[in-house]
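I opened my notebook to get to know a structure I had not looked at before.

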Amino acid sequence: SLCLVLSLSLTACDPRPSVDGGPAVTPTAWTNTARVVLSTIRWAVPAARVILNAILDEPARTTVDRALDAVQDAAGRLQAALDVYEARGGDRCPAHAAAGAVTEALLQLSQVLADNGIALGSTLERLVDASAALVDTLIPACDRDAGLASAGDSANGRLRAIYASARSRGIVLRHDLDDLRPLDGGAR
């Protein structure tokens, strides 16, 4: 799943200065993945919102906007957990929980979109994979009883079930959200 993250962005692995003037910290693979997820959410959610607001009528528009807000809220919690980890080191478990919240918010968004005839789209599906990969990466440090469970497998299974359920209800999913691009054309 981490290979999918590389397709989302190329993130440098340069050392980051410590907040307290201590030694610089070189980000680990999971922190790089988290930064890619967060960076992508920052532009992908607004881009999706523009498209969805243009094609959805009320009350679906409001429901979808709330689901998009939930993704942004979960991303804010992941950002906070990542910032604390990088500033102080040590505990990865808040990031583990926050990455799980991002994954869940994206899956809930997928359900809301499918209920309204729209597929999550390739960009946001990659975010599901990347955020679930974060959960899987951090499980050994935070959930000793996780065994061989995989958040990535579970998330992908849920996405397939959401799409299958839509098909079984006769809903043909539109793919308006495939290959999202930043609203500013990538000039950040």
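These are my entries, going from the whole chain down to single residues.

**Entry 1: the model and its overall make-up**

I began by noting that this is a predicted model. I then looked up the secondary structure and found six helices and zero strands. Read along the sequence, that gives the pattern α-α-α-α-α-α.

How much of the protein is buried? I found that buried residues account for 43% of its 188 residues.

**Entry 2: the core**

Next I looked up the largest nonpolar core, which has 54 residues. Which members touch the most others? They are Leu52, Leu78 and Leu124. I saw that helix 2 (29-55), helix 3, helix 4 (93-115), helix 5 (122-142) and helix 6 (151-168) each give at least two residues to this core.

I stayed with Leu52 for a moment. Setting aside neighbours within four places in sequence, I listed its contacts as Val64, Leu68, Leu113, Ile118 and Leu177.

**Entry 3: helix 2 against helix 3**

How do these two helices pack? I read an angle of about 160 degrees, with the axes of helix 2 and helix 3 lying 10 Å apart. An angle over 145 degrees counts as roughly antiparallel, so helix 2 and helix 3 are roughly antiparallel to each other.

**Entry 4: Gln79**

I then picked Gln79, which has its place in helix 3. Is Gln79 buried or exposed? Its relative accessible area is 19%, and the cut-off for buried is under 20%, so Gln79 counts as buried. Leaving out neighbours within four places in sequence, I found Gln79 in contact with Arg35, Leu38 and Arg42.

**Entry 5: Ala81**

My last stop was Ala81, also a residue of helix 3, which spans residues 60-88. Ala81 is buried because its relative accessibility is 12%. Which residues does Ala81 touch, not counting those up to four places away in sequence? I wrote down Pro94, Ala95 and Ala98. I looked at one of these pairs again: Ala81 and Ala95 are 14 residues apart in sequence, yet their C-alpha atoms are 5.0 Å apart in space.

Notes. Residues numbered from 1 in each chain as written. Predicted model: local features only at pLDDT ≥ 70, side-chain atom pairs only at ≥ 80, totals over all residues. Heavy atoms only, no water. Helix = DSSP H or I, 4+ residues; strand = E, 2+ residues; numbered from the N terminus. Buried < 20%, exposed > 50% of the residue type's maximum accessible area, 1.4 Å probe, protein only. Contact = heavy atoms within 4.5 Å. Core = buried A, V, L, I, M, F, W, Y, C linked by side-chain atoms within 4.5 Å. Axes fitted to C-alpha atoms, helices over the stretch in contact; angles between N-to-C directions. Parallel < 35°, antiparallel > 145°, perpendicular 65-115°, else oblique.
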